[in-house]
Amino acid sequence: MTTLMFILGIGVFFVGLLVSIAWHELGHLSTAKLFGIRVPQYMVGFGPTIWSRKKGETEYGFKAIPLGGYIRMIGMFPPDEEGRVSARSTSPWRGMIEDARSAAFEELQPGDETRMFYTRKPWKRVIVMFAGPFMNLILAIALFFTVLMGFGIQQQTTTVASVSPCAIAQSEHRDTCKKSDPVSPAQKAGLKAGDKIVSFDGVRTTDWNTLSDLIRDSAGKNVAIVVDRKGQQQTLHATITKNKVAKKDAGGQYVNGYVEAGFLGFSSATGVVHQDFGQSVTWMSDRVGDAVDSLAALPGKIPALWNAAFGNGPREPDSPMGIVGAARITGEIATLDIPASQQVAGFVMLLAGFNLSLFLFNMLPLLPLDGGHIAGALWEALRRNVARVLRRPDPGPFDVAKLMPVAYVVAGIFVCFTVLVLIADVVNPVKIS
């Protein structure tokens with residue numbers, strides 16, 4: 001049964017992956033057609049075609065390898081200075097440019113001269129290329145809202161799970177009290193497991209972050225703590241001591257290091273907490289910031305990833321993870337002994353994170369990514385506007401094809417990184433259980 005659920009979880013992930021890819025390409029397709037660009041193909045997947053159907057001027061289909069997708073627009077690159085689109089140079093770098101230019105004019109038909117991608121104004125090309133990643137962003141937001149407001153997420157709550165009998169610095173990493181350890185303020189105040197803290201020092205507390213911040217800021221103060229104990233409210237009094245506690249960032253997430261702050265001395269219970277709209281927006285903005293930071297830190301994580309794949313290094317929880325790793329995580333979620341609603345929430349949350357990553361990754365201003373084409377269109381608009389202001393001749397469309405050698409290098413780096421992540425996901429995967 002466990003194996004079956006694991007396989008089912010992987011299957012669910014790949015269905016979500018295909019939907020995400022199709023949704024991304026739909027953004028490109030719909031805006032291209034809106035601006036009159038001819039699109040011969042809309043494909044989900046790579047490799048041999050397993051099913052396709054032509055509707056109008058576009059062939060729609062699925063390919064065998066569900067690891068991406070594409071639409072093919074005619075005239076992605078302009079012709080060269082002499083109007084040629086199929087000349088082939090013996091120079092390998094020049095050859096890359098000319099091959100790309102020739103491919104951009106495949107299936108050119110009479111009447112297509114005004115329907116090519118490069119003939120559209122830069123702002124229209126920006127919209128066409130941005131529409132794909134934007135669809136992933138919209139889907140990520142919708143999925144995050146579904147989980148946060150519909151299913152809820154596991155969080156620390158204001159309910160007491162256990163009371164520490166003594167005050168121990170968290171930096172000491174021990175649970176056993178010594179005779180020299182002072183009694184914790186929570187123990188002195190009579191706080192008990194199961195108590196729900198309703199207010200702290202006159203401030204109503206409905207979430208753990210608020211309560212935690214209040215405790216940390218109250219070192220040396222004698223405070224009133226109102227708790228709900230078996231349906232009855234009671235007021236306790238505690239003198240908050242100073243202790244070494246785990247450091248938190250501005251978003252309330254625990255980070256490496258310790259700080260001197262107020263200490264009460266209890267562990268909070270965790271539970272599924274539904275978020276309201278404001279809390280959901282805050283939570284998502286924090287995750288976007290984390291994702292941007294992770295993307296920026298990606299090159300620095302490669303040595304540890306290499307060591308995890310080919311050496312004896314551990315696989316860190318925040319290590320880069322590919323499609324195979326994400327599929328394994330969904331398989332693990334399916335086997336966890338948790339309510340079905342939380343399994344579904346886990347699937348949806350993972351898919352939302354995947355779509356957010358697709359958005360950010362595709363917005364990098366590098367060919368062959370969508371962001372590279374966007375950067376090219378913006379540069380063209382800048383050149384033309386500057387020429388107009390300076391009363392100079394129109395420089396014409398910016399030839400993005402000239403950047404294809406760089407695009408091949410970038411693509412090669414991406415392929416190498418993808419293979420490294422794949423190996424690490426197979427031999428030393430990230431695990432949640």
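Me: Before the surface: which residues can go into a patch here?
Reply: Patches are made of residues with over 30% relative accessible area and no salt bridge, and nonpolar side chains are joined within 5 Å. Please note that the model is predicted.

Me: Which residues form a nonpolar patch on the surface?
Reply: Trp379, Leu382, Val386, Val389 and Leu390 form one, and together they have about 490 Å² of accessible area.

Me: Where does valine 386 lie, and why can it count towards a patch?
Reply: Valine 386 belongs to helix α10, residues 370-389. Its relative accessible area is 39%, so it is partly exposed and passes the cut-off of over 30% for patches.

Me: Now salt bridges. How many does a search of the whole structure find?
Reply: The search finds eight salt bridges. One of them joins the side chains of arginine 125 and glutamate 380, at 2.6 Å from N to O. Arginine 125 lies in helix α3 (residues 122-151) and glutamate 380 in helix α10, so this pair ties together parts that are 255 residues apart in sequence.

Me: Are arginine 125 and glutamate 380 buried or exposed?
Reply: Arginine 125 counts as buried because its relative accessibility is 6%, with under 20% as the cut-off. Glutamate 380, at 0%, counts as buried too.

Me: What about aspartate 195 and arginine 229?
Reply: Their side chains meet in a salt bridge of 2.7 Å, N to O. Aspartate 195 is in the loop between α4 (185-189) and β4 (196-200), while arginine 229 is in strand β6 (residues 222-229), 34 residues apart. Aspartate 195 and arginine 229 are both buried.

Me: Which residues do salt bridges that share partners join into one network?
Reply: That network consists of Arg125, Glu380, Arg384 and Asp394.

Me: Switching to aromatics: how many pairs are there?
Reply: The count comes to 13 aromatic pairs. Among them, tryptophan 208 and phenylalanine 266 have ring centres 5.9 Å apart and planes at 85 degrees, so the pair is edge-to-face. Tryptophan 208 is in helix α5 (residues 208-216) and phenylalanine 266 in strand β10 (residues 266-273), 58 residues apart. Both tryptophan 208 and phenylalanine 266 are buried.

Me: How are the rings of tryptophan 306 and phenylalanine 310 arranged?
Reply: That aromatic pair is tilted, at 4.5 Å centre to centre with 45 degrees between the planes. Tryptophan 306 and phenylalanine 310 are four residues apart in helix α7 (residues 298-310), so about one helical turn separates them. Phenylalanine 310 is partly exposed, its relative accessible area being 46%.

Me: What sits over the ring of tryptophan 283?
Reply: The charged end of arginine 287 does, 4.8 Å from the ring centre.

Me: Last topic: which residues does UniProt list as "transmembrane region"?
Reply: The unreviewed UniProt entry lists residues 6-23, 126-153, 344-364 and 406-427. In the model, residues 6-23 are 100% helix, with the end C-alpha atoms 26 Å apart. Residues 126-153 are 93% helix and 4% strand, and their end C-alpha atoms lie 36 Å apart.

How values were computed: Residues are numbered from 1 along each chain as its sequence is written. This is a predicted model: local features need pLDDT of at least 70, side-chain atom pairs count only at pLDDT 80 or more; totals for chains, interfaces and linings use all residues. Side-chain values use heavy atoms; hydrogens and water are left out. Patches are made of residues with over 30% relative accessible area and no salt bridge: like charges are joined within 9 Å, nonpolar side chains (Val, Leu, Ile, Met, Phe, Trp, Tyr) within 5 Å. Accessible areas come from the Shrake-Rupley method with a 1.4 Å probe; for residues, only the protein chains shown count as cover. A salt bridge is a side-chain nitrogen of Lys or Arg within 4 Å of a carboxyl oxygen of Asp or Glu. Helices (H or I, at least four residues) and strands (E, at least two) are DSSP runs, numbered from the N terminus. Buried means under 20% relative accessible area, exposed over 50%, partly exposed in between (1.4 Å probe, protein chains only). UniProt positions are given in the numbering used here, feature names are shortened, and annotations may be inferred rather than shown by experiment. Rings of Phe, Tyr and Trp (its six-membered ring) pair if their centres lie within 6.5 Å; planes under 30 degrees apart count as stacked, over 60 as edge-to-face and the rest as tilted. A charge sits over a ring if NZ of Lys or CZ of Arg is within 6 Å of the ring centre and within 35 degrees of the ring normal.
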